[in-house]
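Hi,

Here is the structure I promised to pass on to you. Have a look at it first, and then read my notes below.

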Amino acid sequence: MASRIRRHIEQQSERTLFLSIVGSLLVIIFLIFYGVPLLSKFALMLSNSKASTTNATTGNSPSFIAAPVLNDTFTATNSATVSISGSAIKNQDIKLYVNGTFAGDKQVDDNGTFTFDNVVLTAGNNDIKAQATTNNNVTSDYSNDLQISYSNKGPTLTVNTPSDNQTFSGGNSKTLQIQGTTDAECKVTVNNFWAIVDGQGNFTYSMQLQNGDNNLTIVSTDPAGNITTVQRKVTYNP
């Protein structure tokens, strides 16, 4: 009886082993004939999907380009026209704006620079900025702002002392105090020597008088380069 049971168990084990081997062979055959092509098709589909996504995001021009940079050279001028230069990526188109109004466009050269000549300014303060545009019409943010003040009028200049043709005698000190007022931020010279000017435009200068006539040339120069001149003559009698 025991021998019959053992033989039955062995037969079942052999049958199970046989079925396992057959099943494994069938799986291998399926993978060879169907699985590998399916995996290849799946991998190709993923690759095409990735390529499509890449083309959608990078095939066109980027949605952002760097803004041009304007060279900051001066803040005031007495000329109605100026040259504005800067840098950007080569071959881009640069559009210039003065006080929000389109003032012209230039192509960036191979060195990455551009220059606008004869840019017209209006009296007073001028706000100047630029934008870059690619061949695919992608536009950058505005550049840095240039603030340029234009004026062709000389500053005010009042000489309080001395008065013209004033005479000083030997009883007076030979040191003359020259005092007056001009516009704020102006520089003042007396006979080409710098006077002291405070924040409100008040100026002073001390000079030693020579015997006889002394000619004084007082000049005020504003930040734009405009000048106003006052002449004085004083006489010192020893």
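**What I found**

Residues are numbered from 1 along each chain as its sequence is written, and side-chain values use heavy atoms, with hydrogens and water left out.

Back to the rings. Tyr97, Phe102 and Tyr142 make up one aromatic cluster. Rings of Phe, Tyr and Trp (its six-membered ring) pair if their centres lie within 6.5 Å; planes under 30 degrees apart are stacked, over 60 edge-to-face, and the rest tilted. That gives 3 aromatic pairs. One of them is Tyr97 with Phe102, edge-to-face at 5.9 Å centre to centre and 65° between the planes. Tyr97 is buried at 15% relative accessible area, and Phe102 is partly exposed at 46%. Tyr97 and Tyr142 have ring centres 5.9 Å apart and planes at 85°, so this pair is edge-to-face. Because Tyr97 is in strand E4 and Tyr142 in the loop between E7 and E8, the pair ties together parts 45 residues apart in sequence. Lys129 also lies over the face of Tyr142, at 4.4 Å from the ring centre (a charge sits over a ring if NZ of Lys or CZ of Arg is within 6 Å of the centre and within 35 degrees of the ring normal).

Now zoom out. The protein has 1 helix and 17 strands; these are DSSP runs numbered from the N terminus, helices (H or I) of at least four residues and strands (E) of at least two. Of its 238 residues, 29% are buried.

Which residues touch the most other members of the largest nonpolar core? They are Ile84, Ile94 and Ile128, in a core of 20 residues. Such a core is a set of buried Ala, Val, Leu, Ile, Met, Phe, Trp, Tyr and Cys residues joined through side-chain atoms within 4.5 Å. Strands E3 (81-87), E4 (93-98), E6 (113-120), E7 (124-133) and E8 (146-150) each give two or more residues to this core. Apart from it there is another core of 17 residues, including Val159, Leu176, Ala195 and Val234. In soluble globular proteins, nonpolar side chains tend to be buried together.

The peptide bond from Thr161 to Pro162 is cis, with omega near 0°, and Pro162 is in the loop between E9 (157-161) and E10 (166-169). Asn165 is in the loop between E9 and E10 as well, and has a positive phi of about 65° although it is not a glycine. Glu185, also not a glycine, has a positive phi of about 75° and is exposed at 66% relative accessible area.

Finally, confidence: pLDDT (the predictor's confidence in each residue, from 0 to 100) averages 86, and 76% of the residues score at least 70. Over residues 50-61 pLDDT stays under 50. Where pLDDT is low, the predicted coordinates should not be read in detail.

Cheers

Note on methods
Predicted model: local features only at pLDDT ≥ 70, side-chain atom pairs only at ≥ 80, totals over all residues. Buried < 20%, exposed > 50% of the residue type's maximum accessible area, 1.4 Å probe, protein only. Contact = heavy atoms within 4.5 Å.
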